[in-house]
Amino acid sequence: CGNPTTELIDEQIKVTYDVCHNCDFISKQEQFILTGELEKDRYDQHNNADMEEEGYVNIFRNLIKLHVRPLKNVKKVLDFGSGPYPMFKKILNQEGYETDIYDLFYHKNDDYKSNMYDLITSTEVLEHVKNPLPTIEGLLEYIRPNGYLIIMTLFNKDTDNFLKWWYRRDPTHIVFFNMKTFEYIAKKLNLEILSHNDKNVVVFQKQ
């Protein structure tokens with residue numbers, strides 16, 4: 001939001017963050033962010049290819065049930081940040097949604113820029129993005145009027161105890177949000193927050 005920040009030094013994992021007490025946004029300082037090559041190496045260690053991984057699949061099925069199905073007139077979807085195994089695309093297709101994907105490391109193509117979408121989803125992605133506000137603003141160009149944006153990322157519920165939060169320990173997690181942050185983003189980008197679960201999902205509508 002451009003307001004002054006304070007430094008927060010994490011002695012345990014040897015990282016320093018900038019904390020905004022106006023919008024509660026927390027970001028890792030530049031010198032502690034992994035290079036693109038090291039970041040991809042971390043992602044390559046993930047293994048979510050197995051559609052029989054019941055817990056992982058259920059995360060997406062619940063996301064669709066609770067946050068996608070209630071939305072009106074959603075047919076065409078972009079999953080932004082699909083990862084190496086586009087499981088969410090597969091499940092969305094099974095549920096009757098026409099779905100495209102984009103991923104900086106695994107599905108890097110600009111085909112989506114020639115389309116417009118009823119819904120863009122970004123699940124467990126934005127915590128890896130150094131400048132999330134312009135990224136979100138860019139995605140809005142490809143959402144139809146009155147269309148939707150769903151963001152999934154674990155909310156920082158207690159800034160005072162941030163240094164005890166396990167989520168910060170992933171070296172690829174470089175920015176952190178809570179509902180105050182998302183309320184600022186909504187106001188800044190002329191979005192309406194339709195719903196959230198006060199945990200890890202927020203649903204915006206484009207005005």
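# Strand pairing, burial and a pocket: exercises

Tyr-148 stands opposite Gln-205 in strand S10. The model is predicted: local features require pLDDT of at least 70, side-chain atom pairs count only at pLDDT 80 or more, and totals for chains, interfaces and linings use all residues. Residues are numbered from 1 along each chain as its sequence is written, and side-chain values use heavy atoms, with hydrogens and water left out.

## Exercise 1

Identify the strands that pair with S10, and state whether S10 is enclosed or open.

Step 1. Strands (E, at least two residues) and helices (H or I, at least four) are DSSP runs numbered from the N terminus. Two strands are taken to pair if DSSP finds at least two bridges between them.

Step 2. Strand S7 (residues 143-152) is joined to S10 by five bridges in the antiparallel sense. Within S10, Val-203 is the residue that Ile-150 stands opposite.

Step 3. Strand S9 (residues 191-196) also runs antiparallel to S10, again with five bridges. Here Leu-191 faces Lys-206 of S10.

Step 4. Buried means under 20% relative accessible area, exposed over 50%, and partly exposed in between (1.4 Å probe, protein chains only). Five of the six residues of S10 (residues 201-206) are buried, so the strand is largely enclosed by the rest of the structure.

## Exercise 2

Describe the turn between S9 and S10, and compare Asp-198 with Asp-24.

Step 1. S9 and S10 make a hairpin with four residues between them. Asp-198 lies in this loop, and its phi is near 60°, a positive value in a residue other than glycine.

Step 2. Asp-24, also not a glycine, has a positive phi of about 70°. Asp-24 is located in the loop between strands S2 and S3 (26-28).

Step 3. Asp-198 counts as partly exposed at 38% relative accessibility, whereas Asp-24 is buried at 17%.

## Exercise 3

Step 1. Strand S6 (residues 117-123) pairs with S7 in the parallel sense over six bridges. Thr-121 has Ile-150 in S7 as its bridge partner.

Step 2. Seven of the 10 residues of S7 are buried, so S7 is largely enclosed by the rest of the structure.

## Exercise 4

Give the strand order of the open sheet of four strands, and name its edge strands.

Step 1. The order is S1-S2-S3-S8, with antiparallel pairing. S1 (5-10) and S8 (175-176) are the edge strands, each pairing on one side only.

Step 2. S3 and S8 run antiparallel and are joined by two bridges. Ile-26 stands opposite Phe-176 in S8.

## Exercise 5

## Exercise 6

Characterise the second largest pocket by its volume and lining.

Step 1. On a 1 Å grid over the protein atoms alone, a pocket is an open set of points with protein on both sides within 12 Å along at least five of seven lines, whereas a cavity is a set of points where a 1.4 Å probe fits but cannot get out; lining residues have an atom within 4 Å of a point. Grid points are joined across faces, edges and corners, and a volume is the space filled by probe spheres set on the points.

Step 2. The volume of the second largest pocket is about 260 Å³. Of its 18 lining residues, Cys-1, Gly-2, Cys-23, Phe-25 and Leu-133 are the closest to its centre.

Step 3. S2 (15-20), H4 (132-140) and H5 (179-188) are the elements that give two or more residues to this lining.

Step 4. The lining divides into 10 nonpolar, six polar and two charged residues. Ala, Val, Leu, Ile, Met, Phe, Trp, Tyr, Cys and Pro count as nonpolar, Asp, Glu, Lys and Arg as charged, and the others, Gly among them, as polar.
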